[in-house]
Amino acid sequence: MSFPKDFLWGGATAANQCEGAWNEGEKGPSTSDVATGGSKEKAREFTRTIEDNLYYPNHEAVDFYHHYKEDIRLFAEMGYKCYRMSIAWTRIFPKGNEDKPNELGLQFYDNVFDECLKYGIEPIVSLSHFDTPLYLSDTYNGWKNRGLVDYFVKYGKAVIDRYHEKVKYWITFNEINSCLNGPFYVMGIRTEGNNKLQDIYQGTHHQFLASAKIVKYAHTTYPDIKVGAMYAGIFSYPHTCHPEDVIACQKDMDKQLYFTDVMCFGKYNDKASIFLKMNDFALVTYPEDEETLLNGKVDYLAFSYYMTLCSSRNKNIGLNLVGSAMNSEENEYLSEKTPWGVPLDPVGIRYALNLLYNRYQLPLFVVENGLGTYDRLEEDGSIHDEYRIDYTRKHIVEMKKAITNDGVPVIGYTTWSSIDIISAGTGEMSKRYGFIYVDKDDLGNGTLKRFRKDSFYWYKKVIASNGEYL
Ligand code: P53
């Protein structure tokens with residue numbers, strides 16, 4: 001048994017982490033433009049304004065904005081069937097609330113999509129990936145304000161109207177549950193202390209509405225379009241078979257899956273409602289919200305997979321701001337960790353696929369999976385990243401079992417990332433995920449020249465054989 005014939009192999013990036021050109025083409029600043037450089041020891045800071053003496057790695061990133069032709073040519077050389085990317089809201093509506101979209105921004109993505117389609121690469125597009133317009137954050141405290149629903153829907157309609165013939169698969173919000181670890185970065189909400197969780201849940205209520213309205217619009221206007229939700233891959237095992245550890249694990253998972261529950265089921269089911277009540281979160285909702293949610297159920301569920309965690313009755317797991325596990329118990333059966341402390345667990349992707357399918361019965365799309373680590377550029381321009389090949393191979397093997405042995409429908413697989421980009425968690429370049437190396441360091445120095453890693457040639461064979469060669 002093997003992968004479906006039309007399986008979508010490819011790679012992924014996000015606008016804020018690869019495009020650069022943060023103030024070109026009339027683009028406005030977003031939350032990621034006020035994120036400073038950090039490291040695994042030091043979290044990134046989010047400044048109020050852009051300060052002259054600070055380094056903001058996303059401003060130039062790897063300059064995909066000026067290199068997209070070269071980069072997409074390399075993706076095509078790898079044989080990509082699809083390329084997952086995001087549109088920067090602030091290229092289309094620089095402040096987020098303008099009357100008319102910015103034609104320069106629209107033209108840029110037309111160029112990118114045309115370049116992809118020229119090679120038969122299907123674009124998979126997220127509307128929001130950690131880049132709320134800074135103006136909306138400053139003026140309304142971001143998604144905490146219900147006003148953002150209409151602004152986002154307007155933006156979503158504008159790009160779907162423009163690109164519906166070029167883009168079939170859409171994702172409304174990247175990693176809907178990642179708001180829990182970074183409300184400002186993810187949803188433009190500045191919040192601290194007692195109100196923090198309340199604000200986050202209120203903000204996501206608004207995101208659910210915006211997503212549902214876009215789903216409904218897409219379905220009624222362009223029946224071929226598929227709109228997905230996306231889950232930040234937090235998958236936990238019970239640390240022991242102590243019954244209370246097993247319950248703690250279920251609770252930890254429910255807490256993360258709360259967000260996709262609403263988007264996939266189209267309502268706050270009993271689990272979600274009880275969760276809100278138990279935590280004393282009082283959401284401000286309008287009577288019509290119920291119908292809005294019900295009419296905007298997503299068509300598929302995309303997710304990222306990097307690791308598994310372990311829950312126990314003593315701790316509450318989560319993710320920390322640098323993108324590694326927080327409060328997880330150690331898993332004694334997993335021996336390897338990345339230098340950033342991410343435990344490697346290829347079997348976990350099979351677990352994840354089964355878990356999500358059992359809960360939602362929706363087609364799944366693995367839109368992020370990859371190894372973030374140090375690479376060395378050799379003098380002859382080669383990069384021998386056999387560790388990345390090994391990592392990816394093992395994950396694909398397990399994904400294949402989920403498809404062929406367990407009967408989980410999977411639309412496709414996109415590695416994180418296609419090309420080296422700025423790390424979301426730390427702002428580093430040296431935490432490299434790409435199959436294409438970019439000559440740039442953590443301080444922003446480098447030629448931006450691109451080099452094919454060994455994994456590039458390996459992945460090309462995997463795609464060409466539809467996952468038979470691994
Ligand atoms: P970085 C944390 C945990 C899991 C996924 O992360 C996460 C995060 C965010 O820190 O986000 C996704 O770059 C995200 C990407 C991000 C990627 O994981 O922190 O969708 O934007 O780059 C990897 O190592």
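I started with strand 7, where both faces are covered: Tyr-300, Ala-302 and Ser-304 on one side and Leu-301, Phe-303 and Tyr-305 on the other are all buried. Buried means under 20% relative accessible area, with exposed over 50% and partly exposed in between, using a 1.4 Å probe and protein chains only. Strands are DSSP runs of E with at least two residues, helices are runs of H or I with at least four, and both are numbered from the N terminus.

Note on the source: this is a predicted model, where local features need pLDDT of at least 70, side-chain atom pairs count only at pLDDT 80 or more, and totals for chains, interfaces and linings use all residues. Residues are numbered from 1 along each chain as its sequence is written, and side-chain values use heavy atoms, leaving out hydrogens and water.

Next I checked the neighbours of strand 7. Strand 5 (residues 226–231) pairs with strand 7 in parallel over 4 bridges; two strands pair if DSSP finds at least two bridges between them. Here Gly-228 sits opposite Tyr-300.

Strand 7 (residues 300–305) also runs parallel to strand 11, joined by 5 bridges. I found Leu-301 opposite Leu-364, and Tyr-305 opposite Asn-369.

Is strand 11 mostly covered or exposed? I got 6 of its 6 residues (364–369) buried.

Strand 11 pairs in parallel with strand 12 (residues 410–416) through 2 bridges, and Leu-364 stands opposite Val-410 there.
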